[in-house]
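Have the sequence and the 3D view at hand as you read.

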Amino acid sequence: MEALSKNLLILRKKRGLSREAVARALEISAMTYQRYEKNLRDPTAPLMVKLADFYGVTLDQLVGRAPLPEQGE
């Protein structure tokens, strides 16, 4: 999901976090998180819920079905 990977990168950079910090918070490896951001792998549904909660967005926003907060709503 290209929109998901793009949004993960945007959200992480917007918060000034490293991939390692996000991965630690989600209890996954940094390499796994990097694969999500680079669109090499898709997260499971439960992990997508954790990602949305972590970044404070809806699942629709996370996957690109709705604009991210403060991006031309």
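## Helix packing and two residues

The crossing of H2 and H3 is right-handed, a label given when the near helix is turned clockwise from the far one by less than a right angle, left-handed being the anticlockwise case. This is a predicted model, in which local features need pLDDT of at least 70, side-chain atom pairs count only at pLDDT 80 or more, and totals for chains, interfaces and linings use all residues. Residues are numbered from 1 along each chain as its sequence is written, and side-chain values use heavy atoms, with hydrogens and water left out.

Helices here are DSSP runs (H or I, at least four residues), numbered from the N terminus. The axes of H2 (residues 19–26) and H3 (residues 30–37) come within 8 Å and cross at roughly 110 degrees. H2 is therefore roughly perpendicular to H3 (65 to 115 degrees; axes are lines fitted to C-alpha atoms over the stretch in contact, with angles from 0 to 180 degrees between N-to-C directions).

| Helix | Residues in the contact |
|---|---|
| H2 | Arg19, Glu20, Val22, Ala23, Leu26 |
| H3 | Ala30, Tyr33, Gln34, Glu37 |

Glutamine 34, in helix H3, is partly exposed at 25% relative accessible area (between 20% and 50%, with a 1.4 Å probe and protein chains only). Its C-alpha lies 9.8 Å from that of leucine 8, 26 residues away in sequence.

Serine 5 belongs to helix H1 (residues 2–14). At 5% relative accessibility, serine 5 is buried (under 20%). Leaving aside neighbours within four places in sequence, serine 5 touches Tyr36, Glu37, Lys38 and Asn39.

How values were computed:
Contact = heavy atoms within 4.5 Å. Parallel < 35°, antiparallel > 145°, perpendicular 65-115°, else oblique.
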